[in-house]
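Please have the sequence and the model at hand while reading.

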Amino acid sequence: MNLNDLFLENKEISISGRYITLASIEPLLGDLKKNNQVKIIGKSVLGKSIYSVEIGTGKMRILLWSQMHGNESTTTKALFDFFNLLKSSSELAKKLLNTFTFLSIPMLNPDGADLYTRENANKIDLNRDSQDLTQPESQVLRNIFNLFKPNYCFNLHDQRTIFGVNNSGKPATLSFLAPSYNEEREINNTRLKAIELIAAVNGQLQHYLPGQIGRFDDSFNINCIGDMFQHLGVPTILFEAGHFPNDYEREETRKFVFMALASSFMSLSENVIVVNGINKYLNIPQNKVAFYDFIYKNIKINYDGIEIITNFAAQYKEELIENHISFNAYIAKIGDLEHFFGHLEYDANNAIYTDKGESIPNLNQKADFRLGNDMEIINGVIKI
């Protein structure tokens, strides 16, 4: 089966970009509600509805949740693409609906989504609240976990553009993790199921995303929800949706998340056993901080009357301005950039740096400057 074609057949075209709020998805939830598949399962700090979508009649119960962090919306888009697959009349849809009961929470943190922040309205990271359960959103997820009694959990997130696949120079467009269940990071039956599933999915996705899949750090933290659910005996898989070249709106990445979801459930429905699953999982390269959005090389600067050649990097900050996400580039590092890559790299060939009369870049300043007489950089990008 061609997963790319499957995505194109089921992509939900009404939502796109990075700023996905409750208002963005409520019309889609309204359509699903007609079949009694949607429920309000709780309220956020600011009283916004937290919805669940339950589809399927199969014995294997799958719990998925997205936008636990409000500014991580890629997997929410992919969930609605996947809902479209389940609503289709295809043979695959029928098979999945007969095998699984899917219970999804498309937006656990609607307040954070509105504000485009990682935290909820109380400025609490819900992914550090799995033990104390101080927040209403955390309590909603735990209540659903206890009532639904899932056989597998899918913890859906985004990660920043800084992550690459080890030292390969390729961005980590997708990263996976079978979270640890204890401090020793041992592998028990529960974690092994998650490991084997990730190994199967990685094997499928390498055909579509070669060399751009990473393995997330498995340090144990019982306050993180994935570690907690693994600790409680339910195989849990963490998805981290990352950067694809020139895809800051994460529209290509959503495709690969959809592919990973579809591949996961096809593998489970077919009871695919991965031979040497642990080794195949551990051979997925480590997800690593390795990128800046821009790197500028061989820049001549005048430092205290002495001309030197240096490099520096700029990074986008995603800023919510009038209900739109603006990508604004700021100087992030000056000097040694060994072992780092840029999603865009420019070689200035010893051109002189100037910035409104200044002769050196400064950290945290806007990436607007000139290189020599002919090259102007506005918001990190060279203007020809």
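## Salt bridges

Lys 11, Lys 77, Asp 81, Glu 251 and Arg 254 are joined in a network of salt bridges, a salt bridge being a side-chain nitrogen of Lys or Arg within 4 Å of a carboxyl oxygen of Asp or Glu. The structure contains 18 salt bridges. The model is a predicted one, in which local features need pLDDT of at least 70 and side-chain atom pairs count only at pLDDT 80 or more, while totals for chains, interfaces and linings use all residues. Residues are numbered from 1 along each chain as its sequence is written, and side-chain values use heavy atoms, with hydrogens and water left out.

Asp 158 and Arg 250 meet through their side chains in a salt bridge of 2.9 Å, N to O. Asp 158 belongs to strand E5 (residues 152–158) and Arg 250 to the loop between strand E9 (236–241) and H9, so this pair ties together parts 92 residues apart in sequence. Helices (H or I, at least four residues) and strands (E, at least two) are DSSP runs, numbered from the N terminus. Asp 158 is buried at 5% relative accessible area, and Arg 250 is buried at 1%; buried means under 20%, exposed over 50% and partly exposed in between, with a 1.4 Å probe and protein chains only.

A further salt bridge joins Lys 48 to Asp 114, with the closest N and O atoms 3.3 Å apart. Lys 48 sits in the loop between strand E1 (38–43) and strand E2 (49–55), and Asp 114 in helix H5 (residues 110–115), so the pair ties together parts that are 66 residues apart in sequence. Lys 48 is partly exposed at 25% relative accessible area, as is Asp 114 at 27%.

## Helix H4

Within helix H4, Glu 91 and Lys 94 are three residues apart, separated by about one helical turn. These two residues form a salt bridge whose closest N and O atoms are 3.4 Å apart. Glu 91 is exposed at 59% relative accessibility, whereas Lys 94 is partly exposed at 42%.

The axes of helix H4 (residues 91–99) and helix H9 (residues 251–269) come within 10 Å and cross at roughly 65°; axes are lines fitted to C-alpha atoms, for helices over the stretch in contact, and angles run from 0 to 180 degrees between N-to-C directions. Leu 92, Lys 95, Leu 96 and Thr 99 of H4 meet Phe 265, Met 266 and Ser 269 of H9, contact meaning heavy atoms within 4.5 Å.
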